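Welcome! Open your viewer, and let us walk through this model one selection at a time.

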Amino acid sequence: MSEKKVCHVTISRLQLPSPAVSIVGRHNSGKTTLVVKLISELTARGIDVGSIKHHGHAGFDIDIPGKDSYRHRQAGAAEVVIAAPGQIARICDVAGEVECSDLVAEMPGHDIVLVEGYRKSGLPSIEIMRAGNVHDDEIAELFRRNAYAGVPLTSDFVQAGRASQGNPAASDAVGDPGKMPTSSTVAVVSDIPAALEGAARYGIPSFGLGDAAGICDFLQERFMRQRISVVIQAGGESKRMGRSKATVPFLGRPLIVRMVERMLPVADELIVTTNEAEDLAFLADAYPGQPIRLVPDILPVRGALPGVLTALSAAKNEYVAIIACDMLFASARLIAAESAELSRTLADAVVPVNKHGYEPMHSLYRKSTCLPAAQRLVEGGDLRAQSLFEHIVIAPFTQPRVLRAEPMGGCFVNVNTPAELHAAEEYLLANETE
């Protein structure tokens with residue numbers, strides 16, 4: 001087969017939804033100052049940051065009188081786009097106020113979006129309170145009192161405040177709550193002892209006003225888009241196929257080519273585990289500049305769990321997706337959805353589950369917890385991938401959720417024989433799905 005058929009293929013990155021966190025506080029709390037510090041710190045770490053600023057008053061204008069674009073607007077244009085090399089801006093009128101979730105949805109591909117304001121967006125929020133700002137001092141004390149009174153953050157503080165004003169003798173009164181931390185609050189940033197005391201009582205992480213590095217560490221660990229290592233397991237000989245599945249022809253090209261091209265859009269690192277590196281060396285020329293590595297099995301013993309152990313050991317990133325090289329419809333979108341779920345749940349692995357059980361070969365693993373568990377099991381002679389799930393915390397990913405992530409379905413279909421491979425080719429050619 002000519003290698004020219006697979007050389008110099010352009011791979012487009014999957015535009016993943018951007019995770020977002022809001023920075024909220026009262027007027028003069030220092031929200032903008034904090035957001036600017038966080039953006040500077042994160043970008044210095046090589047992180048792609050988007051930002052949204054909520055302007056609470058109608059009628060602001062970002063254009064400058066006298067500029068051509070301003071004249072366009074003044075002449076009556078409902079929408080003006082200003083374009084220059086490397087930059088673009090859009091100015092238009094909208095009915096009402098655009099939801100924060102809609103704004104974030106229009107900003108895919110960032111490692112994180114920092115939102116200033118939008119307290120009611122439902123986003124994870126970082127509450128800032130600054131000493132000397134009278135409203136912050138009051139709210140910090142109310143926050144502390146609520147914490148000691150056992151008032152849950154899920155409470156309707158506005159209603160509670162109104163009730164307390166009508167009943168001054170109420171022992172658990174929260175007073176006039178103003179803009180209080182809520183169940184969406186994931187951290188408190190303050191130099192007010194009462195605020196820090198309340199956060200500790202609620203079990204919420206807290207940081208000093210000047211601790212931009214610590215806050216960024218927290219954001220990176222909990223909310224930022226995590227880099228993903230995708231591992232395609234191409235272990236070599238397949239008795240039922242009669243030859244290596246990785247190099248068997250499929251639609252005129254080696255099967256591994258199809259799998260690489262399906263996975264690269266979501267892979268920050270792509271690893272192919274193989275004991276036939278010489279047969280797959282063409283991948284380096286086929287995909288110049290792409291993060292592809294060929295890695296041999298670390299153990300001579302065959303089995304699903306040793307393969308998982310090799311994948312986890314080889315990966316440079318904390319999030320590791322493991323895919324079998326014969327999963328013809330393996331989905332980058334499903335991996336992206338699994339990544340979001342792993343961040344949300346803080347589980348050790350996100351594992352698709354259906355009526356047949358778990359699917360270990362299209363799952364996403366957290367390296368720091370799954371690797372030592374896999375090592376212990378293999379050292380004890382257990383070679384079954386399913387055994388790993390008994391020793392880690394898993395987040396099951398149900399079939400309806402799989403189909404929401406990948407409506408085409410078929411993510412777990414694999415081919416084991418020449419007949420199955422031919423049937424899959426016929427299916428794709430007849431349906432022209434790709």
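Predicted model: local features only at pLDDT ≥ 70, side-chain atom pairs only at ≥ 80, totals over all residues.

Start by selecting Ala284, which sits in helix α9 (residues 282-286); helices (H or I, at least four residues) and strands (E, at least two) are DSSP runs, numbered from the N terminus. Ala284 is exposed, with a relative accessible area of 57%; buried means under 20% relative accessible area, exposed over 50%, and partly exposed in between (1.4 Å probe, protein chains only).

Residues are numbered from 1 along each chain as its sequence is written, and side-chain values use heavy atoms, with hydrogens and water left out.

Next, select helix α8 (residues 255-263): nine of its nine residues are buried, so the rest of the structure largely encloses it. Among them are Arg258, Glu261 and Arg262.

Now show Lys53 and Glu116, which form a salt bridge with closest N and O atoms 2.7 Å apart; the term means a side-chain nitrogen of Lys or Arg within 4 Å of a carboxyl oxygen of Asp or Glu. Lys53 lies in strand β2 (residues 49-53) and Glu116 in strand β5 (residues 112-116), 63 residues apart.

Move on to Lys245 and Asp326, whose side chains meet in a salt bridge (2.5 Å, N to O). Lys245 is buried at 11% relative accessibility, and Asp326 is buried at 5%.

Last stop: select Arg26, Arg119, Glu127 and Asp136, a network linked by salt bridges.
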